[in-house]
Amino acid sequence: MHDFSFSYYMKKETVTEKTGRITLGAFLLFAGISHLTFARDDFQAQVPDWVPLDKDLTVVLSGAAEISLGAALMLLARKRRLVGLVAALFFVAVFPGNISQYTHHRSAFGLDTDRRRFIRLLFQPVLVAWALWISDSRKLL
């Protein structure tokens, strides 16, 4: 009997991929916790004005999503394709917040100049690519 799940068709995870998956998971877990604690105000500065929810609620919900994604990346190796794809989509979904911080000249996280805020924009595609790489979804890049 064969296992016809996604994991059956995935190649074996290398040590480098596992390290990347665990590292990205830890990053997301830390970021999610910071949403709910010490960096809450900074994250509120990134919420675009057009988001129909209260800025604090948006930060709490995105923090909960990051904690969930981070834990899933770290603990669910057999589901890394699905979780990695969801993480990549999450990074795309929150990108408007980074753009809003840049276009509205909002200082947060030490990004107190337009140059620094712009450079931060360049890292979001790196996060998307990282999530796709560790999910064994390089074919989508």
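**Salt bridges, then the last helix**

Start with the charges: Glu13, Arg21 and Arg80 are joined in a salt-bridge network. For the cut-off, a salt bridge is a side-chain nitrogen of Lys or Arg within 4 Å of a carboxyl oxygen of Asp or Glu. The structure holds seven of these bridges.

Before going on, the ground rules. This is a predicted model: local features need pLDDT of at least 70, side-chain atom pairs count only at pLDDT 80 or more, and totals for chains, interfaces and linings use all residues. Residues are numbered from 1 along each chain as its sequence is written, and side-chain values use heavy atoms, with hydrogens and water left out.

Now the overall picture. The protein chain has six helices and zero strands. Helices (H or I, at least four residues) and strands (E, at least two) are DSSP runs, numbered from the N terminus. Of the 141 residues, 39% are buried. Buried means under 20% relative accessible area, exposed over 50%, and partly exposed in between, with a 1.4 Å probe and protein chains only. Take contacts between residues at least 6 apart in sequence: 68% of them join residues at least 24 apart. A contact here is heavy atoms within 4.5 Å.

Back to the bridges. Asp49 meets Lys55 at 3.1 Å, N to O. Asp49 also meets Arg106, at 3.0 Å. Is Arg106 buried or exposed? Arg106 is buried, because its relative accessible area is 19%. Lys55 is partly exposed, at 28%. One more: Arg116 bridges to Asp112, with the closest N and O atoms 2.9 Å apart. Arg116 is partly exposed at 45%, and Asp112 is partly exposed at 46%.

Next, the aromatics. Rings of Phe, Tyr and Trp (its six-membered ring) pair if their centres lie within 6.5 Å; planes under 30 degrees apart are stacked, over 60 edge-to-face, the rest tilted. The count comes to four aromatic pairs. One of them is Phe30 with Phe38, tilted, at 5.8 Å centre to centre and 45° between the planes. Phe30 is exposed at 53%, and Phe38 is exposed at 61%. Another is Phe43 with Phe109, edge-to-face, at 4.7 Å and 65°. Phe43 is in helix α3 (residues 40-44) and Phe109 in the loop between α5 and α6, 66 residues apart. Phe43 is buried at 13%, whereas Phe109 is partly exposed at 35%.

Last stop, α6. Its 21 residues should span 30 Å at 1.5 Å a residue, and the end C-alpha atoms are 31 Å apart, which agrees. The expected span is 1.5 Å times one less than the number of residues. Buried residues in α6 include Leu121, Gln124, Val128 and Leu132. An α-helix has 3.6 residues a turn, so residues three or four places apart point the same way. The cover over the buried residues of α6 includes α2 (15-36), α4 (55-75) and α5 (80-103).

Which residues does Gln124 touch, beyond those up to four places away in sequence? Phe91, Val94, Phe95 and Asn98. Gln124 counts as buried because its relative accessible area is 3%. Just after α6, Asp136 takes a positive phi of about 65°.
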